[in-house]
Structure formats: C-alpha cells, structure tokens
Protein chains: 2
Amino acid sequence: MRPFNPKRVLVGEPLDTARLGETLLPKRLALPIFCSDPLSSVAYATEEILLILALGGVALLHLAWYAAAAIVFLLIVVIASYRQTCHAYPGGGGAYVVSAENLGPNAALTAASALLVDYVMTVAVSVVSGVAAITSAIPSLGDHEVLLSVGFVALLTVMNLRGVRESGRIFALPTYGFVLVIYVMFAFAAVRLATGATIRAESADLPIQEVSEYTGLAVVLLALRAFASGCTALTGVEAISNGVPAFRKPKSRNAATTLAMMGVLSVSMFAGITVLAMVYRVHVAEDPTELGLAPGTPTSTALAQIGRATFGDWHFLFYLLQAVTAGVLVLAANTAFNGFPMLASILARDKYAPRQLANRGDRLVYSNGIVLLALAAIGLIVVFDANLTRLIQLYIIGVFVSFTLSQAGMVRHWGKELASPATPVTERKRIHRSRAINAVGAVMTSVVLVIVLITKFTHGAWLVIIAMPLLFVGMKGVRRHYDEVAREVAVPAAARPRTPARHHVVVLVAAVHAPTLKALGFAKALRPDSLTAVTVAADEEEVARLRAQWEEHAVDVPLKILHSPYREVVGPILGHVQELAGQDPAGVLSVVIPEYIVGHWWEQPLHNQNALRLKARLLFTPGVTVIDVPYLLESARDGAGPEGDLYATGGAGEGGGTGRGRG
Amino acid sequence: MRPFNPKRVLVGEPLDTARLGETLLPKRLALPIFCSDPLSSVAYATEEILLILALGGVALLHLAWYAAAAIVFLLIVVIASYRQTCHAYPGGGGAYVVSAENLGPNAALTAASALLVDYVMTVAVSVVSGVAAITSAIPSLGDHEVLLSVGFVALLTVMNLRGVRESGRIFALPTYGFVLVIYVMFAFAAVRLATGATIRAESADLPIQEVSEYTGLAVVLLALRAFASGCTALTGVEAISNGVPAFRKPKSRNAATTLAMMGVLSVSMFAGITVLAMVYRVHVAEDPTELGLAPGTPTSTALAQIGRATFGDWHFLFYLLQAVTAGVLVLAANTAFNGFPMLASILARDKYAPRQLANRGDRLVYSNGIVLLALAAIGLIVVFDANLTRLIQLYIIGVFVSFTLSQAGMVRHWGKELASPATPVTERKRIHRSRAINAVGAVMTSVVLVIVLITKFTHGAWLVIIAMPLLFVGMKGVRRHYDEVAREVAVPAAARPRTPARHHVVVLVAAVHAPTLKALGFAKALRPDSLTAVTVAADEEEVARLRAQWEEHAVDVPLKILHSPYREVVGPILGHVQELAGQDPAGVLSVVIPEYIVGHWWEQPLHNQNALRLKARLLFTPGVTVIDVPYLLESARDGAGPEGDLYATGGAGEGGGTGRGRG
C-alpha cells in the first residue's frame, strides 16, 4: 500500500521531463494565463483616474477623456513595442533580456529588480482587490480580509505547483467570463442608449465636495497624475514577452498574436468602461465624506456603479459581473505566478540568483520560484494588513522602470541593426518605424515613471525605491560569490586526482546494537589503514558496560572511550577527531556515524541530534570526511522486511572484505 | 583575528564540563533563583482574595482573614511536605520523581504534564504582570505590552543561557530588594500605627457596589473561591525540591533550609500585606465601575495602595516599592527557567522527551529546555495578547495537580517505610508525623484543585485541561517510540559486524574542478571494488565538454553521463543509483558527493541544494551510504591557506592508495 503523501495530493504525481513539450500553451490558454492581469486592471483603472480628478472638482472631470485617450495610446504603443520584442527575442526574457543585450548588465539587473518587485506587487494587489470585491458583496467576511487573501495566494500557489497547463484550464473560465460579461454590458448599454434611455449612475447627483482650486499648471499636473494613476491598466503587459518559450510553435508569432488579441480586448474594455463612466456621470472619492455622505458609508466601485446602472432590473447580470470581476482579479495574480519563476530561472541561469531557482520541480514548473513569490506576497499582505489603498501606492513604479528600460533597450537594438551592414535595405524602413514606436514608448513611459515617482513617493513608494536597490545589490552579490567560487575551484589542466597516502577511519558508537554493527561492518569494507571505534562515557559503570558489550560481540576493532562526566558528546569527540587528523597530515580521516532513519518527519527530532551537531562542526575540520551509515528503522522501510544482512551471527562475522582495493 | 560571533557575545564563552561543580549554588544565591516566584506572588495573592470577596459585598470582606489564614496554613503544610521531599529525594525531581516512585508512571506523567504547563504559565503570567506594573507606572508604554513581555522573556532566556550562577547574581538584587522594601514598609506601618495614626487606603471610602446576596452555602463557596484565588501565593514552591542537585553540599539539608527560609519570608510578607489591606480597608474590583468610578478609571493594585498609604509623603519609597515589585515579578519567571529545563532533562533521561533535552549546552545549562520554554511562553503571550486577566485563569490548575500527586505520593512513601521491617522503631514516630502532614496537604490541595477546576473551567482553564492530556499522550508516544526503536536495534549476543562482500563507489561530478578532484582522490582511498563517476548533462554540447575535461585531466575513473534535457538532477541520479544498488545485493554502494563548505550562513542557500535533496532521498535507499567530501571554500577556512594538497599536478597523481586495507 502506498503511504499517504500530502504533497502528491496537493500538487499531483511527478511528471516525466519528456512531457514538457505537452505542457506548451496554445493561444486560447496562453491568453487567460498571461493576460488576466492586464485585462482585469480595466476593472479599476478608470476609477483611479476619476479618483484623482475628483480632487479638482466637477469642472475637471472632463479631463478624464484626455487621460484615458493618452492611456489608450500608451497601451497601444507599449503593446506594439512588446510585439516587436516577441519577434526579436524568441527565447523570452522581456525587459531583463532586452536590457542585458542592449544596455548592459547594470540596466538588466535594474530591470530585473523592478520586475521582481512588480510581480510580488501584482500578486498582493490583485488578490487583495479581488478579496475586497468579495467582501463588498458579502460584508460579513470583511473582518477576514488578510486570511482570505493569504488563502487565495495559497490556492494559486498549489494550482501553479500542479503545472502550467492545468492552471491554464482553471483560469480560462473566469477570464473569458469577465470579458464576455463586460461586452454583454456594453451591448446592453448601447441598445438602451440608442433607444433613447437616459442612464445615470447612483452617484451622478452626489456633489464632489471640493470646488476646483486648480488653475494653469496645477490643472496640467493633476491631469498628468490622473493619467499616471490610470496607467495601472498597463501592468502585466510584459508577461507575454517573458513567456514566449511557453507558447506552442511558432512561438514568436503565437505570442505576438496573443499580445495583439490582449491589446484589442484591453483597449476596448478600458475605453468602453471610461465612456460609460463619463456618460453615466460616475462620481467616486477615496472618502465618502467628499461626496457629502456620512463617514463610513459603503460606496460602490466605478465598475459596479456602471454595471448596476446598465443592467437595471437584470440583477443577476449585475451579480455575475461582480463575481467574474472578483474572480479575474484574484486570478490576475496568476500572471505573476508565471512570470516571476521564469524570470527567476533566467536570473539563476545568469548566476544572479541562487541556482535552485533554475530547477524545474516534479511537475515541470519552477517550484522554488513559485513558493518564493507566494511567501513574499503573503508577507506584504500581512504587513500591509490587506489594505488596498496602501498597497497600490507601491505598484506601478516597478512596471514603468522595466517598461522604460525595455523600450530604451529596443531603441538601441534597432540602432544596432541599422548600423549593421548585414541588414538588408528592404528591412530598414520597417526598422525605422519600429525604432520610432519604441522611442515614443520610451519617452512616454519615462515621463510617466517620473510623474509616478513624484506623486507616490511620500505615499509609501519609498519602500519600493529602497527594495529595488537592495535586490540589485543582492543579485550582484550572488553573482560575485558564484564568480569567486568558480575562480577558487578552478584547477590547472595538469591537475590530477590525488589519492591520500593513508585513510584512517573512526566509527562513533554509543552502544552495541544493529546500527553500530552495520557501521562497523561498513567501516571494514573501506579497508582503512587504521580503524578505531570511539565512544563517550559519563562514568566507570558505563565504561564497564561498553567493554562488556564489546567482548560479548567479539568486536575486533579497538575501542577508545572518551570520558565526559556530563554526557557532553560533541566537544570531546570533536577534540579527539581534530587530534587524530593532526597526527597524519598526509592522510585523510573519515568519521563514520551510524544514523537512524525514521519514516515520519515528527520522529526526526527524536534521533541523531548529536550526530547532526557533530557533523556540522566536523564539516569545517580540514582533512575530515563524514560518512553517515543509515540504518532504516521499520517506519522508514515502507513495509519492507528488516535489513537482515546487516550483521552476521556467530563466527568471525567476516562476510567479505578480503578483496583488494583498486586505489 | 577571531570572527565576530553573536552567540558568544550573548551567552558567553563555552564552559568546561569540569566547571560544573563551580556552578553549584550557595543558599544565598539559591534563594533568589528558586524563590522569586513564590516570594513575588505575595504581591498579588491578597488582591486576588479581595477581588473575589468584593463580589459578596463589604459584609463578607472579613472572610479574607479566614481565607488568608487557610492559605498561610496550606503554605506551611506544603513547605513542610516539600522539606521532607528534599531529604527523601536528594536527587531532585519533585512531584514527578515522587509520583513515579510511589504512584506509578501514569501518575508521574500526569504530574510532569501539569508541571510543564505550569512552568510555561509561570513565565507568561509573571512577565506579563511585571510588565503591567511597569506600564501602570509609565502609561505611554501601555500600547507595547506584548513587545515588552516578549522582550523580557528573551532577556531571561539569554541570561539563563549564560549559566545558572551568573543568573543567580543578576537575580539576587531585585528579590532581596523586594523583601527588604516590604519589611521596611511593615516597620513604617508598625511605627505609625503604634504612635496612634489612623491609616486608610485611597479606596477605603469607595463603595463596593454589590450588596451581599450571598447566604448560607453560597458564602462558604465564595470564601472557598477566594481561598482558591489566593492560592496563587503557593505557585513555585516545588521549584526547590526539583532543584536539589543544583545546591552545594550537603544538598538536601541546604535545600530544606532554603525552603524554610522562603517559607518564613513568604508567610510573613503575605500575612503582613493581608493585615495591612484589612486595616487600611483596601477595596478592589475587576471593573472600576463596581467601585462607583467611571469606566476606564485607572485603579491601583492592593499592594500599591498599601504602599502609598503607608509611606505617605515618602514618595521615593513608594516608587522604590513599585520598581522592585515590577522587577521581582519579571524575575519570578526565572524560577521556571530553572525548573523547566531540569524537569525536561529528567523526562528525557526517562525517554519521555526527545533525548536532546537531556544535554547540557556550551555553558553547562540545559540550553534546549530553556529555548523550548521561552518559545512556549512567547507563544502564549502573543496569543493571549499579554492579557493578564485571561492568562491567570490558566495558571494554578497545574500547580495543584502536581501538589496533590506529590503529596499523595509522599503519603504512600511513608506508608511503604512504615510497612518495611527494616525501618527502626525510633524512626516510626517521625514517619507517622510526616505522613500526617502530607495527608493533610494532599486532602487540602485536592480540595483546592477541585474548587479551581470548577470556578475557572469556563474562564479559559479548559485550555489547560486539553493541553495536559495532549502532553501526557505525547510523552507516552515518545517513550513508546524509543522503546520500539530499542527493541528493533537490539541484537543477539552472537551478532558480529559483517563486512559486505563488495564495496561499490559512485562519485557525483558536475564539472572537473578542485572539489571534484578531491572527491575522486578520496574515493580511490576507499579502495572500492568498483568506482565510477556519474554526471548529468542536458545536451550533446555539455556531454562533449565533460568528456574533454575528463581527458584533459587524465581522470582514470570511468565516467557515466546521464541525459536530462531539463537539467533535472535528483531523479536521474536516484534512478541510476537504485539500479546499481540492485545489481549486487551482497555488496554495498557508497555515493560520494563533493560538498561546498561556505563560511557564512547566508552563502549556504547558494550551494549544495541538489546534493541535499539527493541525500535526503538516498538515505532511504537500502544498501546505499552517502559520503560527503567537504571542500572548504576560502570563507570557511577562517583565514587559513587553501587546501593545497587536494589534487596532484602532473604525473599519474597517485600519492598513495597502494596500502592494503585491514578489513
């Protein structure tokens, strides 16, 4: 019978590496997997614009048209640029790879820091805002926002650990459902408005408290700030260009097509929602008192107001809208669960991150990266108490750092291609056009970055501005460490393995029992130049008992007894071993430790603690090697019979060991 | 230069085991170490009595005389009983040992569960109430009670990890200071009252809201409940009998004398404080509204009221009283820091607790027990939000469970002595007297236990009533596990070490560098019957590079290359090793893994992750042994030179290995 294994139940059976090909994504699954973040952000981007403009009073709300138009334009430019990247870099890597190739390692690491921070923020912000949507619908859950958010992150983690294709299927429904319900809402609105209905949001008659005090430059700045806030609509656009290798062949073309599909959906939904918000006269404010309401009055999101106004008596459609919105927001975090581990594995491959981030786990996903992302996001959610308003301040800085670097890198890329004599003349026109697109993008995203930095710095963004350089320095440090180690372990071509002159073996024993006999037998199989057994005894009584056991079992290995009146084990043995190792610098010393192997994790602390502490110290002793001889206890043997041949009964007990070593 | 080691700075240099004798305690240090808990509890015991009686109105307050008298009597009985225990059981162990010898293992484990819970509660309650005293004096710290409490527990942990004698010195001052200030207060009061002054507490004229509705049996029950609450004065009395081995010789007599000294101090301070509380007419209530005050009005503790009234204009003496009270309360937790690790080590010796709790650490204290206690107490403080009122409900159940069992065990002990024909007639009178004392104590403590259980169950004590059986079952389980393992590894007298017929060695390599060459050289020194090197390669390019390196360094060990297109390392190697192990069931297989040893903990995650995962799997493979060949990187070498003789340059590179094994 197979033992119960919670990991298998959670993440499924291990997949064969040969099945990696099968997990490549068709476009219809790649879209929900990579695009739930940019698609879902239309649920709050319009609201973010209106929230800022409301500070300037009703008179300035019309600026939303310009801000939205600028965002649509920026979205198109950025998507167009990343489409070029998909073709230029079929191996994937997005901003990091583009920066590395065109702007050098420091720009690449800056982009990587920004992206890593941004992925963590995506998980935290998306999940928290999804949970906020749920708790708005079911107010009784309002006290458990942290718990719910952490629960959703855990759920996403398990889903992603199961493997990329299965998660794609799970995510397809809510993402496509969200798009569908939004379009149904547009159709409803179009029909009702075309037939002469006048639709107003529930907040249309609420006063926006502040009368505009903004004039001249201040108006321009407010509009820019509104534009910057609305740029949350752009988050996650780069995920596809990072994930090109996960697409089915032809990878680049499929990725570019998916990006274009996402652009069409994103632009149309964002534009439609903004138009309806303006037509319905949706008024929003951070604080209900600014709308003349009592403090603490629950207010609906802009999208919920639009939905309620559009669907009117068709309540179930409104609730469906809220449900798919909440669903897609929580799942938007999945974009990061795909992007982060892939970027981390690229960084690990380039030695900027610990090597194990490059390893695929049992289910052919980058398990370590997934877990790392989940832990960081959970930490952020707990520290910020699942407060969306505070979290969102940290959000888009990383996005625009990577956008700017990526697009600047693309400008340089096209420049290099134009400079290359190998580039055919027929291509030059296309390249000039691409470079223009990227240049516009680079300028626009860098302007947005500056605006975001200025407007959000004091609202918590300083945390990101500290975190990014720390990551940068950390990754540099990891690379330096790996480089140093590589230099240190490098050997000249003439280097040969050197067999030590002598091999001394010490077997640690506590009493004579099966694990001891197995270890002693194994030690003899090593055919050492000297072999002793060492034990620690607290008093004469114990010494006498050990000697008696030694004689009873006729052990032909000399026994050295170390006296330790208070049963301290590590110190005396360490001292003895160091002394032995010092006696023969040309030889090596192996310390054989019988280790109990138990079958249950909770049995582990009951055994081997001294062995573990001793090992940790012995590893640092030059010239000493530690050999664990495992003894599998019943619970570790998985139903198999006892290790019956671990010792001989009767006679000299020498089953072998007369063979000559090959050394 | 010695590297900076934070552990050494915190806990001091390791002590030689020979110095354990030096750390034995003289009485003047044993008193503050073992008695800060029972001595400090007089600071709140009187108040607990008055709090309960206040429920019955002013008319019942006079019952405090009877309750206090009963507690004084109980205190004397319990102390007298434990003095007998100190003589009867010079090896220490208190309730656990006494129960084990006289009432059997189940009673002993029940006592142990009670004591363990009680020690944790002592730390939590004492520290929290000490912090409450501080925050009453400095209200601005009132928001940080959890942080302060955890900080004090951490401070006590570090102090105790430094070793028992040094902590005794640190603790002597506040404990003796507390006793001194209380006696100075008594002298002040005696002089003022004798010279005709009328002293009244600030609360003397505050009405106790409720008029007595208690009559007949209800009055008796209320008095019993008041008595039970006042029994907090008894907590910690057993610590000395547990700690007899820590005393200087003659251990038993010194311990009994110290216990008597503590009894005199405890009884006189408790009685004096109660007398003054009654004379000054101190009124207290859980809720200020019961005293006719506005909700939230800060009220002083009974002791603070007595101090303020006694010292009058001598403000600095009042503040000194508050300071030493806070100090001794925090330090009372130290009683548990001595008792818990010692009890845990006795339980570990009897195989009821993990073996490492029996080990003394660097500084000759039971480090693991100290850390375990601190973690449990911190957990309790955090979960209960440092709320004293809720914590104190869990407190004295454990105390009275262990008192009852201990004294019942002593009754049985004397019974056995009386039944023994070896007991001289001259002793029988003394034994009869002792048995009578213990019998009275057993009856009284069991009555108190029942009252406490009834009155506190619904106030949170159910948690303790769940925790104790869980501990009991857990300790039983640990014992069963150790017994099973002992049975499993036992061997017949005829058992001899059996040397395996053949020894096969596999060296894992990733590339040819210094650690690989060292591992290969070491593997040859094992003189195995077969030796191969195994590596994993993702593609043909990698295979070619490895083969080239193999030739360049003229490695005369056959190289087996496993193909793993996605660089999955663990699976392919595990499969290969299991296949090899299956080919020769009579032989053993060693897997040699070159391991990078780094000098900084933060470098650890950058290396050996695959090796660690592989080792964890290989340990469960029967017939396979893992050999780590450590390669010390520069940072681990502590300034020493490189391991220059790890490989030979030029020639066959065979520095030895021709010697014949002794096996």
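This is a predicted model: local features need pLDDT of at least 70, side-chain atom pairs count only at pLDDT 80 or more; totals for chains, interfaces and linings use all residues.

Trainee: What makes the contact of Asp628(A) and Lys615(A) a salt bridge?

Mentor: The N to O distance between their side chains is 2.6 Å. The term requires a side-chain nitrogen of Lys or Arg within 4 Å of a carboxyl oxygen of Asp or Glu, and the pair meets that condition. Asp628(A) belongs to strand E6 (residues 624–632) of chain A and Lys615(A) to helix H22 (residues 609–618) of chain A, 13 residues apart. Asp628(A) is buried as well, because its relative accessible area is 4%. Through shared partners, salt bridges join Glu595(A), Lys615(A) and Asp628(A) into one network.

Trainee: Why is Arg479(A) called partly exposed?

Mentor: Its relative accessible area is 29%. Buried means under 20% and exposed over 50%, with partly exposed in between; Arg479(A) is therefore partly exposed. Asp483(A), at 35%, is partly exposed too. These two residues form a salt bridge, with their closest N and O atoms 3.1 Å apart.

Trainee: Why are Arg479(A) and Asp483(A) separated by about one helical turn?

Mentor: Because they are 4 residues apart in helix H18 (residues 462–489) of chain A.

Trainee: Which parts of chain B does the salt bridge of Asp584(B) and Arg502(B) tie together?

Mentor: The side chains of Asp584(B) and Arg502(B) meet at 2.7 Å, N to O. Asp584(B) lies in the loop between helix H21 (570–583) and strand E5 (588–597), and Arg502(B) in the loop between strand E1 (495–497) and strand E2 (503–508), so the pair ties together parts that are 82 residues apart in sequence. Asp584(B) counts as buried at 13% relative accessibility, whereas Arg502(B) is partly exposed at 35%.

Trainee: How do you know whether H4(A) and H11(A) are roughly parallel or antiparallel?

Mentor: The axes of helix H4 (residues 63–88) and helix H11 (residues 251–279) of chain A cross at roughly 175° and come within 9 Å. Angles over 145 degrees count as roughly antiparallel, and H4(A) and H11(A) are therefore described in that way. The residues of their contact comprise 19 nonpolar, 6 polar and 2 charged.

Conventions:
Residues are numbered from 1 along each chain as its sequence is written. Chains are lettered from A and ligands numbered from 1 in the order in which they are written. Side-chain values use heavy atoms; hydrogens and water are left out. Axes are lines fitted to C-alpha atoms, for helices over the stretch in contact, and angles run from 0 to 180 degrees between N-to-C directions. Helices (H or I, at least four residues) and strands (E, at least two) are DSSP runs, numbered from the N terminus. Angles under 35 degrees count as roughly parallel, over 145 as roughly antiparallel, 65 to 115 as roughly perpendicular and the rest as oblique. Ala, Val, Leu, Ile, Met, Phe, Trp, Tyr, Cys and Pro count as nonpolar, Asp, Glu, Lys and Arg as charged, and the others, Gly among them, as polar. Buried means under 20% relative accessible area, exposed over 50%, partly exposed in between (1.4 Å probe, protein chains only).
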